[in-house]
Amino acid sequence: MRKLKLLLINPVSQFRKGFLRSDITRYPPLAYGIVSALTPDNWDVELIDENYEDFEYQEADLVGLTGYTSSIYRAYQIAAIYKEKNIPVVIGGIHASMMPNEACNYADSVVVGEAESCWKDVISDFENSSMKKFYYGERLSLDNIPPIDYSIFNPNYMVSSTITTRGCPFDCEFCTVTAFNGNKYRMRPVGNVLDEIEKMPQDKFFFVDDNIIGYSRASKEHAAKVFQGIIDRGIKKYWWSQASLNFANEPELLKLAYDSGCRLIFIGVEAETVEGLDSTNKKLNAKIGTDKYNEAFNRIRHAGISVLGSFIFGLDSDGLQDIRNRARYIKSANVDCYQMGILTPMPGTKTFFRLEKEGRIKKNNYPEDWQYYSVEDITFEPAKIGADELMSEMRDVWYDLFSRKSITRKFLGTLRATKDVEASTWALATNMSYRNMAMDVFGEEKFDIESLIGPYKNMLGGDKK
Ligand code: SF4
């Protein structure tokens, strides 16, 4: 009997490619590996991944799409091609879950929430010609994440990915995590994670967790078990992830993280002032105290792990001087690389609902305007300065902090602080990638990261492992 064909398509915005333009900073879209693993054996599953190939029409029995807000317009364009040919389309993921009524205009079915609990219903309803408009995924225990099917991913990915936890109790104003994954921090069985790390062909990977160490003693113990397991199994791979700043207060965990291959950690710093943190409801950092940031960054760096600090510009508390001060702070702070994004009201967040209520969202010709929701463009009316003024200031900030001089200075600082070549090159590559993202906005010179990083690594002795 002929197998049915599920065609998964990973859409990439044609407007802003952001982090997806470099092999160093893109990683396999895990959701498709999970959906593929959940699909029964009477189906063939194939992935067209626009990270590596432009979409070209292919026959299928069923099409599955997901997308971030900035790539959802592209997803809808592709969905329209299949809808016209009467091939059923299912859309899921963060954007569709936050805007299900919009997404169902472009798809036969919308998966709202996490897919693990309801994908089997999507498939059996398709087989019985009784697909529903909406499927609602429950937030199950993470034992239900199946072993991710890595076979569908393009072999050219340099950095692989996996996940150990979901959820966050904090609900910061701008963030989608709590709305999508819930306020309960759920942890995946350690053995499942380790099996996956062993299985992935790449020697570098990204734990896509929003905070790999979590918010409790139990969550830190879970992280410690994952790190210790990597060491015990003799896995020689490098990894990076995201964590809260209080990682700096966990010296034993930092050591385990380093020994298990961690070389870069993304920290959501957001702002260096109390007013800035208040306007984002970032309680966790406020509790640590902005005056303690630098010391905390250094504790992480001295463990051999470089710090990627993420900062938001265009907060409601930001006047021109605040923006200049934030840029100055980042330049001198003990962060090795930096994301300097513009506040973006992602659908489903409190920021979105608040700005919408205040009539301040300006990029609202949906779905086309979702393309601007990539943190490189201004989508709303800032509180204290004009949108044009903010953009012109951002241009200056990006040019200054992503200049060759600034990036090189940071790189040398990272080498001194971490004494680790891999940590330093990852931080360098990250700064180059963020520079390229910023330059995308102005259509100007970009770094050829792969060719620039290669000589650095050779010059500095290459890999340690
Ligand atoms: S920004 Fe971090 S701490 Fe805040 S809600 Fe999102 S994941 Fe949680």
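**Core packing and a helix pair in a predicted model**

In this predicted model, I91 is in contact, once its neighbours within four places in sequence are left aside, with L65, T66, A75, A79, A96, A103, Y106, A107 and V110. I91 also belongs to the largest nonpolar core, a set of 135 residues in which I91 is listed, together with A79, F247, I265, I300 and I305, among the residues with the most contacts inside the core. The largest share of this core comes from helix α17 (residues 421-442), which supplies nine residues. In soluble globular proteins, nonpolar side chains tend to be buried together.

The protein chain is divided into domain 1, which spans 4-136, and domain 2, which is made up of two segments, 159-343 and 380-459.

On the α7 side the contact is formed by V190, V193, L194 and I197, which meet H222, K225, V226, G229 and I230 of α8. By residue class, the contact of α7 with α8 comprises six nonpolar residues, two polar residues and one charged residue.

Methods:
Residues numbered from 1 in each chain as written. Predicted model: local features only at pLDDT ≥ 70, side-chain atom pairs only at ≥ 80, totals over all residues. Contact = placed C-beta atoms within 7 Å. Helix = DSSP H or I, 4+ residues; strand = E, 2+ residues; numbered from the N terminus. Nonpolar A, V, L, I, M, F, W, Y, C, P; charged D, E, K, R; others polar. Core = buried A, V, L, I, M, F, W, Y, C linked by C-beta atoms within 7 Å. Buried ≥ 20, exposed ≤ 12 C-beta atoms within 10 Å, placed from the backbone. Domains from an automatic or database assignment.
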